[in-house]
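Please consult the sequence and the structure while reading.

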Amino acid sequence: MALKAFHLRASKAHAALSALAQTDGEEHLLDLFQRDPNRVDKFSAELGPIFVDWSKNRITSDVLKQLIELAEEADWRGAVDQFFEGDAINQTESRAVLHMALRANKNDAFQVDGVDVLPSVLQTRKEMLAFADAVRSNPAIKDVINIGIGGSDLGPLMVTKALRNEGKAGPKVHFVSNVDGAHLASTLDNLKPASTLVIVVSKTFTTQETMANAQAAKEWLIDSLGENAIGEHFAAVSTNVEAALNFGVPKSSIFGFDDWVGGRYSLWGPVGLSIACAVGSKSFEALLDGAREMDVHFRTASPEQNIPLISALIGIWYREYLRLPTHVILPYAQDLDRFPAYLQQADMESNGKSIGRDGKRVEHTTGPVVWGEAGTNGQHAFYQLLHQGTDVHPVDVIAVKQPMSNYTAHHQKLLANAVAQAEALMRGRTVDEVRQSMLESGLSLQQVDEIAPHRVFDGNRPSTFFLLDQLDAKSLGMLIAIYEHRIFIQGLIWNVCSFDQWGVELGKVLANQVLKELTSESSQVPHDESTQGLIDRLKN
């Protein structure tokens, strides 16, 4: 059963929130803290190794109460039950959405169409992890290449980088996604076929970019080792077993998954084979345990302390009521530097929609632009815009208490910057503060008058602070699951189908048509003058 349509602007809470946006939403954060110094106690939550502080957001108790009312009107609890019970909430493809089953344990219950899916999930997990551990213990395998794109690349790449410290004993794992041959060439140039395992990750085993790279890697290996070596140096993650077999992958090295697993939510299962090869089965299972713990929290915590729910609702508040266009991810951990890119796909491919679940164009805003960069690099790139730009951009600051290297003094500087930037975004700097500082530094009154306006910061720029005790597999699993469930709740309230991605299809179809024209004498289909001109120029 599909999720019920929800008309946000027809809800009672919407009217209240619209009014609050003109009052509470316009208050300065410094005034909110002055009025209530205990904001952090009201607006924070802790679960295991993760502490989340949303007190530096432009919300009040009244705003949060109405946001929760909005979720209640959307029947968020009932929708979560449908989500976890295997209803076909991916309504345009008539599929369940059950990636949570991939991180379940044997005591859980997950069904699709009345069929218990856990036995298959657990058996596939067992076989996959045994394969990964065998790869890690094989001294002949020095490198693993994951060939995939989108969810078959971004998730595994992000996790493998994030868990760098847990993968030091295994092979080096590389990722190739782009159909630009330079991506594959720059990877293969430094590897030896005899010591390389290639994992081809494609649900259909027909993805254009992935199969072009897979075929080229196959030819690279055959040129050195011969056709008979394919079976020892290739594995596949796909539902199309026959195509993988025809490619030359032995059946024992093919790992499948079901159509109720969407690509951008698939790292928890066989798509995460490269992760398991990098970090081993114990760390991979800890990753699953962390995500599962957040699943349980999401289903059972009170609304006021429910981390994914509150995160989602604050995002709704900013996008719909305060009209803020983007959501910035700032991980103060170099090992999380691919986390913003991972969330770009997860969020923007899910909720970047304009048609509602009722088939009608929505009347309200939907998903924001998601972007970001690891701190402190971002501070020397785009923080100028965050602090003084004409638009306000809510940020999530993600920091890790325990150092990720032996350079502990570096880590203290990193943490100081993370905390200070969140404070600076909130606090800003008044013209009086600027003038006083400039005069004390010895500048003349004329210089102060001329320069002071450029040094003023309005502040009142919101942030949520995520503090992890350590960056390990369990805490990373919990962190990812927060954002997965945030996306679900936002899609529910925005009334969009979060689990399809029809918007990427037209470009693929047209690319195949253009490819035929680039490799043939005559034009196949009519184009506009600009497109046809580009095709002609490329052919000539």
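In this predicted model, buried residues account for 53% of the 540 residues in the chain. The chain contains 22 helices and 13 strands. Its radius of gyration is 25 Å, close to the 24 Å that the globule rule gives for 540 residues, so the chain is as compact as a globular protein of that length.

**Overall dimensions and contacts**

- The C-alpha trace of the chain spans about 80 × 60 × 55 Å along its principal axes.
- The chain has an accessible surface of about 23,900 Å², and carbon and sulfur atoms contribute 50% of this area.
- Of the contacts between residues at least 6 apart in sequence, 75% join residues at least 24 apart.

**Helix H6**

- Helix H6 comprises 20 residues (118–137) and reaches 28 Å from its first C-alpha to its last, close to the 28 Å expected at 1.5 Å a residue.
- The buried residues of H6 are Leu-118, Val-121, Thr-124, Arg-125, Met-128, Leu-129, Phe-131, Ala-132 and Val-135.
- Viewed down the axis of H6, these buried residues fall within an arc of 160 degrees, so they line one face of the helix.
- An α-helix has 3.6 residues a turn, so residues three or four places apart point the same way.
- Pro-119, Lys-126 and Ser-137 are exposed residues on the face of H6 turned away from its buried side.

**Val-200**

- Val-200 lies in strand S7 (residues 196–201).
- Val-200 counts as buried because its relative accessibility is 0%.
- Beyond residues up to four places away in sequence, Val-200 touches several residues, including Ile-147, Phe-205, Met-211, Phe-234 and Val-237.
- Asp-180 is 20 residues from Val-200 in sequence and 17 Å from Val-200 in space, C-alpha to C-alpha.

Methods. Residues numbered from 1 in each chain as written. Predicted model: local features only at pLDDT ≥ 70, side-chain atom pairs only at ≥ 80, totals over all residues. Heavy atoms only, no water. Helix = DSSP H or I, 4+ residues; strand = E, 2+ residues; numbered from the N terminus. Expected span 1.5 Å × (residues − 1). Buried < 20%, exposed > 50% of the residue type's maximum accessible area, 1.4 Å probe, protein only. Arc of directions from axis to C-beta. Contact = heavy atoms within 4.5 Å. Rg over C-alpha atoms; globule rule 2.2 N^0.38 Å. Areas by Shrake-Rupley, 256 points an atom, 1.4 Å probe, with all protein chains shown as cover.
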